[in-house]
Amino acid sequence: MGDESLIGEHRSSPGLMLALLGGEAMRRLRDAHTAHGLNPRQFELLGLLYDRGPLGQGELGHLMDVAASILVTQLNPLEAEGLIVRSRHQVDRRRHVVALTDAGLARLRQASQAQHDVEDVLFAKLSADQREQLRQVLTLVRDHLINGDEHCATPASPDEQHHLASRTAIRRQSDRRVR
């Protein structure tokens with residue numbers, strides 16, 4: 001009987017619903033970004049540069065959780081379009097610094113408005129309070145996953161980023177001792 005109730009509830013399980021809705025949301029958001037000449041990773045990249053200012057290419061890759069080779073495939077077209085600029089670090093000439101240009105900021109604003117419009121459609125049935133509750137619940141789930149060292153495609157909350165950085169530093173020290 002326990003198996004029957006599990007089988008009957010599978011379609012309304014929060015995990016499955018989140019996965020299915022997430023797929024639909026991602027399709028719509030990707031379409032909104034693509035309409036403005038960006039893929040979701042490039043949108044994230046421009047947003048990070050807007051939020052944090054110029055960043056070292058290595059730091060940008062770390063924040064996005066992508067390999068250097070993948071990051072370059074995202075940076076090259078953005079640079080070719082004049083949306084970002086890469087320059088040598090003033091002190092360490094081996095490093096590159098990535099900065100958002102005025103054209104990049106304009107493109108980010110357009111894509112952000114398109115994303116906002118998509119979110120308004122996705123969450124049209126929710127009140128402002130319900131949207132905020134949903135954001136808070138999703139933030140809790142995301143931060144829990146990150147705290148559990150599971151890969152998650154969104155950045156942690158600032159306090160979780162601090163805890164994650166501390167745990168990573170402790171883990172690196174432990175790894176050095178083991179070697």
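Contact here means heavy atoms within 4.5 Å, and among contacts in the protein chain between residues at least 6 apart in sequence, 45% join residues at least 24 apart. This is a predicted model, in which local features need pLDDT of at least 70 and side-chain atom pairs count only at pLDDT 80 or more, while totals for chains, interfaces and linings use all residues. Residues are numbered from 1 along each chain as its sequence is written, and side-chain values use heavy atoms, with hydrogens and water left out. Of the 179 residues in the protein chain, 25% are buried, a term that stands for under 20% relative accessible area, with exposed meaning over 50% and partly exposed in between (1.4 Å probe, protein chains only).

**Overall make-up**

- The secondary structure of the protein chain comes to eight helices and three strands, where helices (H or I, at least four residues) and strands (E, at least two) are DSSP runs, numbered from the N terminus.
- Read along the sequence, these elements follow the pattern α-α-α-β-α-α-β-β-α-α-α.

**The sheet**

- The three strands form an open sheet in the order β1-β3-β2, with antiparallel pairing; two strands are said to pair if DSSP finds at least two bridges between them.
- β1 and β2 stand at the edges and have a single partner strand each, so one side of each is left without a neighbour in the sheet.
- β1 and β3 run antiparallel and are joined by two bridges; L55 stands opposite V98 in β3, and G56 stands opposite V97 in β3.
- Helix α3 packs on the sheet, where α3 touches β1, β2 and β3, and the direction of α3 makes about 90 degrees with that of β3.
- Helix α5 also packs on the sheet, touching β2 and β3, and its direction makes about 110 degrees with that of β2.
- Five bridges link β2 and β3, which pair in the antiparallel sense, and the bridge partner of V85 in β3 is A99.
- R86 is found in strand β2 and, leaving aside its neighbours within four places in sequence, is in contact with Q57, L75, N76, E79, V97 and V98.
- R86 and Q57 are 29 residues apart along the chain, and their C-alpha atoms are separated by 8.5 Å.

**Helices α3 and α5**

- The axes of helix α3 (residues 40-52) and helix α5 (residues 68-80) come within 10 Å and cross at roughly 75 degrees; axes are lines fitted to C-alpha atoms, for helices over the stretch in contact, and angles run from 0 to 180 degrees between N-to-C directions.
- On the α3 side, R41, Q42, L45 and L46 meet L71, Q74, L75, P77 and L78 of α5.
- The residues of this contact divide into six nonpolar, two polar and one charged, where Ala, Val, Leu, Ile, Met, Phe, Trp, Tyr, Cys and Pro count as nonpolar, Asp, Glu, Lys and Arg as charged, and the others, Gly among them, as polar.

**Helix α4**

- In helix α4 (residues 57-64), the residues Q57, L60, G61 and M64 are buried.
- Seen down the axis of α4, these buried residues fall within an arc of 100 degrees, so they line one face of the helix; the arc is that of the directions from the helix axis to the C-beta atoms.
- On the other side of α4, G58 and H62 are exposed.
- What covers the buried residues of α4 includes α3, β1 (55-56), α5, β2 (84-88) and β3 (96-100).
- Just after α4, D65 takes a positive phi of about 60 degrees.

- A32 has its place in helix α2 (residues 14-34) and, at 8% relative accessibility, counts as buried.
- Not counting residues up to four places away in sequence, A32 touches A114, Q115 and V118.
- The C-alpha atoms of A32 and S112 are separated by 8.9 Å, although these residues are 80 residues apart along the chain.
- Q115 lies in helix α6 (residues 102-122) and counts as buried at 18% relative accessibility.
- Leaving aside its neighbours within four places in sequence, Q115 is in contact with L29, A32, H33 and F43.
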